[in-house]
Amino acid sequence: MAILDILNYPDPRLHTVAKPVKEVDAALHRLIDDMAETMYAAPGIGLAATQVNRHIQLLIIDTSETKDQLQVFINPRITSKDGEQEYEEGCLSVPGVYENVTRAEKVTVEALDETGKLFTLEAHGLLSVCIQHEIDHLLGKVFVEYLSPLKRSRIKNKMLKHHRAI
Ligand code: QAP
Ligand code: CO
(Lines give C-alpha, C1' and ligand atoms only; values in the text may rest on other atoms or scores of the structure.)
(Ligands and ions follow the chains in the order given, each with its own letter.)
Protein backbone atom coordinates (compact mmCIF):
# COMPACT_ATOMS: atom_id res chain seq x y z
CA MET A 1 0.00 0.00 0.00
CA ALA A 2 1.04 3.57 -0.49
CA ILE A 3 -0.02 7.04 0.54
CA LEU A 4 -1.00 9.03 -2.54
CA ASP A 5 -0.58 12.78 -3.11
CA ILE A 6 -3.85 14.69 -2.77
CA LEU A 7 -4.54 17.57 -5.17
CA ASN A 8 -5.15 20.85 -3.35
CA TYR A 9 -7.75 23.44 -4.33
CA PRO A 10 -7.49 25.50 -6.58
CA ASP A 11 -5.64 22.90 -8.67
CA PRO A 12 -7.39 22.91 -12.09
CA ARG A 13 -7.14 19.10 -12.26
CA LEU A 14 -9.86 18.98 -9.55
CA HIS A 15 -12.28 20.14 -12.28
CA THR A 16 -11.68 17.08 -14.48
CA VAL A 17 -14.80 14.98 -15.17
CA ALA A 18 -14.12 11.31 -14.32
CA LYS A 19 -14.70 8.52 -16.84
CA PRO A 20 -16.60 5.32 -15.99
CA VAL A 21 -14.57 2.34 -14.73
CA LYS A 22 -14.54 -0.38 -17.42
CA GLU A 23 -13.12 -3.29 -15.45
CA VAL A 24 -12.89 -4.12 -11.75
CA ASP A 25 -9.42 -5.68 -11.87
CA ALA A 26 -6.23 -6.00 -9.81
CA ALA A 27 -5.06 -2.51 -10.78
CA LEU A 28 -8.33 -1.04 -9.50
CA HIS A 29 -8.02 -3.03 -6.23
CA ARG A 30 -4.53 -1.64 -5.79
CA LEU A 31 -5.85 1.91 -6.27
CA ILE A 32 -8.69 1.27 -3.78
CA ASP A 33 -6.15 0.01 -1.19
CA ASP A 34 -3.90 3.03 -1.73
CA MET A 35 -6.83 5.45 -1.54
CA ALA A 36 -8.03 3.80 1.69
CA GLU A 37 -4.58 4.10 3.25
CA THR A 38 -4.43 7.75 2.14
CA MET A 39 -7.91 8.54 3.52
CA TYR A 40 -7.34 6.82 6.90
CA ALA A 41 -3.92 8.47 7.32
CA ALA A 42 -5.29 11.99 6.65
CA PRO A 43 -7.64 11.26 8.52
CA GLY A 44 -10.73 11.64 6.35
CA ILE A 45 -14.17 10.08 5.90
CA GLY A 46 -14.34 10.22 2.10
CA LEU A 47 -12.02 10.37 -0.89
CA ALA A 48 -12.70 10.46 -4.63
CA ALA A 49 -10.22 9.20 -7.24
CA THR A 50 -10.22 12.73 -8.75
CA GLN A 51 -8.48 13.99 -5.58
CA VAL A 52 -5.53 11.66 -6.17
CA ASN A 53 -5.40 12.70 -9.85
CA ARG A 54 -7.04 9.50 -11.18
CA HIS A 55 -9.98 10.54 -13.30
CA ILE A 56 -12.19 7.47 -13.04
CA GLN A 57 -15.57 7.06 -11.30
CA LEU A 58 -14.36 5.62 -8.01
CA LEU A 59 -14.87 6.89 -4.47
CA ILE A 60 -14.46 5.51 -0.99
CA ILE A 61 -16.21 6.43 2.25
CA ASP A 62 -15.91 5.37 5.89
CA THR A 63 -18.13 7.35 8.26
CA SER A 64 -17.89 4.74 11.06
CA GLU A 65 -16.50 5.68 14.48
CA THR A 66 -14.27 2.61 14.37
CA LYS A 67 -12.82 3.38 10.92
CA ASP A 68 -13.24 -0.23 9.85
CA GLN A 69 -16.25 0.02 7.54
CA LEU A 70 -14.88 1.01 4.17
CA GLN A 71 -17.55 1.51 1.51
CA VAL A 72 -16.46 1.43 -2.13
CA PHE A 73 -18.54 3.03 -4.89
CA ILE A 74 -17.62 2.36 -8.52
CA ASN A 75 -19.55 4.19 -11.29
CA PRO A 76 -21.97 5.64 -8.68
CA ARG A 77 -25.25 7.21 -9.79
CA ILE A 78 -27.78 9.04 -7.62
CA THR A 79 -31.22 7.76 -8.65
CA SER A 80 -33.29 9.85 -6.24
CA LYS A 81 -32.91 12.76 -3.83
CA ASP A 82 -35.26 13.95 -1.14
CA GLY A 83 -35.42 16.72 1.45
CA GLU A 84 -32.77 19.21 2.55
CA GLN A 85 -30.08 19.38 5.21
CA GLU A 86 -27.28 21.75 6.06
CA TYR A 87 -23.95 20.28 7.11
CA GLU A 88 -20.55 21.79 7.90
CA GLU A 89 -18.34 20.16 5.27
CA GLY A 90 -14.61 19.89 4.92
CA CYS A 91 -12.45 18.35 2.19
CA LEU A 92 -9.00 16.77 2.10
CA SER A 93 -8.34 18.93 -0.99
CA VAL A 94 -9.18 22.13 0.94
CA PRO A 95 -7.38 21.57 4.27
CA GLY A 96 -8.40 23.72 7.21
CA VAL A 97 -11.62 24.99 5.60
CA TYR A 98 -15.05 24.03 6.96
CA GLU A 99 -18.24 25.65 5.64
CA ASN A 100 -21.97 24.97 5.71
CA VAL A 101 -23.45 23.50 2.54
CA THR A 102 -27.11 22.63 1.90
CA ARG A 103 -27.74 19.32 0.14
CA ALA A 104 -30.42 16.64 -0.11
CA GLU A 105 -31.23 14.86 3.19
CA LYS A 106 -31.77 11.48 1.54
CA VAL A 107 -30.19 10.00 -1.56
CA THR A 108 -30.57 6.66 -3.26
CA VAL A 109 -27.35 5.63 -4.96
CA GLU A 110 -26.60 2.81 -7.36
CA ALA A 111 -23.00 1.67 -7.78
CA LEU A 112 -20.73 -1.33 -8.20
CA ASP A 113 -18.88 -2.60 -5.12
CA GLU A 114 -15.24 -3.72 -5.09
CA THR A 115 -16.25 -7.13 -6.48
CA GLY A 116 -18.03 -5.52 -9.44
CA LYS A 117 -21.48 -6.31 -8.05
CA LEU A 118 -24.28 -3.75 -8.48
CA PHE A 119 -25.86 -2.51 -5.27
CA THR A 120 -28.42 0.11 -4.27
CA LEU A 121 -28.13 2.10 -1.05
CA GLU A 122 -30.45 4.59 0.61
CA ALA A 123 -28.42 7.04 2.68
CA HIS A 124 -29.39 9.75 5.18
CA GLY A 125 -27.51 12.29 7.27
CA LEU A 126 -23.70 12.31 7.16
CA LEU A 127 -23.42 9.35 4.76
CA SER A 128 -25.80 11.07 2.35
CA VAL A 129 -23.78 14.31 2.52
CA CYS A 130 -20.55 12.39 2.02
CA ILE A 131 -21.88 10.51 -1.04
CA GLN A 132 -23.08 13.78 -2.63
CA HIS A 133 -19.76 15.54 -1.82
CA GLU A 134 -17.65 12.72 -3.30
CA ILE A 135 -19.83 12.29 -6.42
CA ASP A 136 -19.38 16.04 -7.00
CA HIS A 137 -15.59 15.44 -7.12
CA LEU A 138 -16.14 12.89 -9.92
CA LEU A 139 -18.08 15.61 -11.79
CA GLY A 140 -15.18 18.05 -11.30
CA LYS A 141 -16.89 20.01 -8.55
CA VAL A 142 -15.41 21.08 -5.18
CA PHE A 143 -17.71 22.00 -2.24
CA VAL A 144 -16.41 25.60 -2.12
CA GLU A 145 -18.25 26.14 -5.43
CA TYR A 146 -21.50 26.19 -3.40
CA LEU A 147 -20.25 29.19 -1.39
CA SER A 148 -20.57 32.87 -2.29
CA PRO A 149 -17.97 34.24 -4.76
CA LEU A 150 -16.49 36.33 -1.91
CA LYS A 151 -16.03 33.36 0.42
CA ARG A 152 -14.64 31.25 -2.41
CA SER A 153 -12.12 33.88 -3.42
CA ARG A 154 -10.97 34.25 0.23
CA ILE A 155 -10.49 30.48 0.44
CA LYS A 156 -8.61 30.45 -2.89
CA ASN A 157 -6.25 33.18 -1.62
CA LYS A 158 -5.72 31.39 1.69
CA MET A 159 -4.84 28.15 -0.14
CA LEU A 160 -2.44 29.89 -2.54
CA LYS A 161 -0.68 31.74 0.33
CA HIS A 162 -0.42 28.53 2.30
CA HIS A 163 1.27 26.82 -0.63
CA ARG A 164 3.75 29.64 -1.15
CA ALA A 165 4.77 29.35 2.53
CA ILE A 166 5.81 25.69 2.18
C1 QAP B 1 -16.10 14.97 2.78
O2 QAP B 1 -14.03 15.15 3.87
C3 QAP B 1 -17.08 15.39 3.84
O4 QAP B 1 -9.70 20.28 6.37
C5 QAP B 1 -14.91 14.21 3.31
O6 QAP B 1 -7.48 19.61 7.70
C7 QAP B 1 -16.71 16.16 4.95
O8 QAP B 1 -12.79 13.61 4.92
C9 QAP B 1 -18.38 15.02 3.72
C10 QAP B 1 -10.16 16.67 6.47
C11 QAP B 1 -17.64 16.52 5.91
C12 QAP B 1 -19.30 15.38 4.68
C13 QAP B 1 -18.94 16.11 5.77
C14 QAP B 1 -10.38 18.01 6.20
C15 QAP B 1 -9.02 16.32 7.16
C16 QAP B 1 -11.08 15.62 6.01
C17 QAP B 1 -9.48 18.97 6.63
C18 QAP B 1 -12.99 14.77 4.68
C19 QAP B 1 -8.33 18.61 7.32
C20 QAP B 1 -8.10 17.27 7.59
C21 QAP B 1 -12.13 15.84 5.19
CO1 CO C 1 -13.72 16.58 -0.90
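Which element gives the most to the shell around ligand 1? That's H2, with five residues.

Quick housekeeping: this is a predicted model, where local features need pLDDT of at least 70 and side-chain atom pairs count only at pLDDT 80 or more, while totals for chains, interfaces and linings use all residues. Residues are numbered from 1 along each chain as written, chains are lettered from A and ligands numbered from 1 in written order, and side-chain values use heavy atoms, with hydrogens and water left out.

Okay, ligand 1. It has 18 residues around it, and the closest include Gly44, Ile45 and Tyr98; "around" here is a heavy atom within 4 Å. By class, that shell splits into 11 nonpolar, five polar and two charged residues, with Ala, Val, Leu, Ile, Met, Phe, Trp, Tyr, Cys and Pro counted as nonpolar, Asp, Glu, Lys and Arg as charged, and the others, Gly among them, as polar.

On to the metal. Who holds the cobalt ion, ligand 2? Cys91 through SG, plus His133 and His137 through NE2, at 2.1 to 2.2 Å. Donors are N, O and S atoms within 2.8 Å of the metal (3.2 Å for Na, K and Ca), and water isn't among the atoms, so sites may look incomplete. Along the chain, the spacing reads C-x41-H-x3-H. Cysteine 91, in the loop between S4 and S5, and histidine 133, in helix H2, are 42 residues apart; helices (H or I, at least four residues) and strands (E, at least two) are DSSP runs, numbered from the N terminus.
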